[in-house]
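User: Here is a model I would like to go through term by term. Please set each label against its cut-off.

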Amino acid sequence: MLSGLALTLAGCGSAYQSTSIREGIVDGTKVRVIALTPETTLAANRQPYDPRALPEAFRATAGTHGSMARGLPAPAHLPEQRQGLPATRLPPAIQPGPYQIGVGDVVLLATKAPANSVAELSGLLAAQNNRQGYTVQDDGAIAIPDVGRVRIAGLTLEEAEAAVFQRLVERQMDPSFSLEVAEFNARKVPIGGAVANPGVAPVTLTPLTLDTALAAVGGIAAPDRDTAVIRIYRGGELYEIPVTAFLRTQSYQKLRLVDGDTVFVDSDYDLSRAEAYFSEQLALQGARGAAIASLGQEIDIRRAELEEQRQNFNARLELGAEKRDYVYLSGEVGKQGRWPLPFDQSATLADALFDQGGIAAKTGNPKQVYVLRGSPDPREFGALTAWHLDAGAAAGLMLATRFELRPNDVIFIAQQPVTKWDRVISQLTPSLITIPLDNLTSN
């Protein structure tokens, strides 16, 4: 019987053979084993890698965090809590024409001052003028002493000059005068949100552009310009320009704003803050309930459109229609298989290990954790580097949280030495039982 056991052990080439990581040429593959240290971890992380970006359908969303998460994989697979930017939606080009004076504007009327003989003799008569400012009142008129009330609201500067000239002629007064707008208070564009000093930008004789308006309130002050959006509400329609697109596109910067526009620099993807600001400005402007209701309908329509785009992306993701990058886990891990790398950010060795159950407690050897990575050089197609991590120490676990994974990495964990013998015995046990039985039956 002992001789039979010896023969069995000698011939058990089919017994369990664990995968091993050895440096050198192994089965025609050039293998290089590098121990993970802080220095080698930094070297491994230098390999270029651009995480796969979220599809454009997802980047076009502007919904809340809660609705964004519906239908996506488990939390460890999620991208970081940064949604994609909405698509650029510009308001139509507009040419409002010459500036029209409005209620609250201050106009400056300059007339000849009464002359005295000294002034006349010195030739200074033409240089002496009375300059008086007049505020356009609620009825649209200015009150000029000895002339009366002249209605100029809604008129251009040239039309206002003609109206004042006509009134002076009617009163048989010297019609020599000049008229200009000293303060522009009637027409303005409110600007709020992530800007340095929320306020208003006045609409003047010079066309008001988006970059000028933002400069008037101190510029954009969003904590992360990559995720900020400029929202413009005009005439019941909501328009959007990502801040990154605004900064690199001159035509967006020179977008003309008009009286009645409202601008909100949004650093949040939830439309609620922008909606609240637009509603507040409409109320301050004395808008009727229908205008505020129109704003609510516009916001609801946009949310519905964005929610549909989000659902379409989630469905494609669940059906595997969206291309993903993967790493693969093998050996003594809690769950073998492939693990998708997240969108828009890098993942670490610790992310993949602990999301898949970690190292198998009974059979895995924490001192023998490897990340197998193929050579990026096409001339070394068969070469690979085995990054060796000793996770049996606290320092090793810390390195696992800093070692960045790359697409098609293979994470392998070797087995404990005792596990090798246990598996050999488990495969030999049927042979140890059947050999004596075969001897008995043969006798």
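Analyst: What follows takes a few labels in turn and checks each against its definition. The model is predicted, so local features need pLDDT of at least 70 and side-chain atom pairs count only at pLDDT 80 or more, while totals for chains, interfaces and linings use all residues. Residues are numbered from 1 along each chain as its sequence is written, and side-chain values use heavy atoms, with hydrogens and water left out.

User: What makes β11 a mostly covered strand?

Analyst: Six of the six residues in β11 (residues 229-234) are buried. Buried means under 20% relative accessible area, exposed over 50%, and partly exposed in between, with a 1.4 Å probe and protein chains only. Val229, Arg231 and Tyr233 on one side are buried, as are Ile230, Ile232 and Arg234 on the other. A strand here is a DSSP run of E with at least two residues, and a helix a run of H or I with at least four, both numbered from the N terminus.

User: Which strand does β11 join through five bridges?

Analyst: That is β14 (residues 262-266), which runs antiparallel to β11. Val229 has Asp266 as its bridge partner in β14. β14 also pairs with β8 (residues 188-193), in the parallel sense over three bridges.

User: Why is the contact between Arg231 and Asp266 called a salt bridge?

Analyst: The term requires a side-chain nitrogen of Lys or Arg within 4 Å of a carboxyl oxygen of Asp or Glu. The N to O distance for Arg231 and Asp266 is 2.9 Å, so the pair qualifies. The two residues are 35 apart, Arg231 in β11 and Asp266 in β14. Arg231 and Asp266 are both buried.

User: Is Lys254 buried, partly exposed or exposed?

Analyst: Lys254 has a relative accessible area of 45%, so the label is partly exposed. The Lys254 side chain meets that of Asp211 in a salt bridge of 2.8 Å, N to O.

Note on methods:
Two strands pair if DSSP finds at least two bridges between them.
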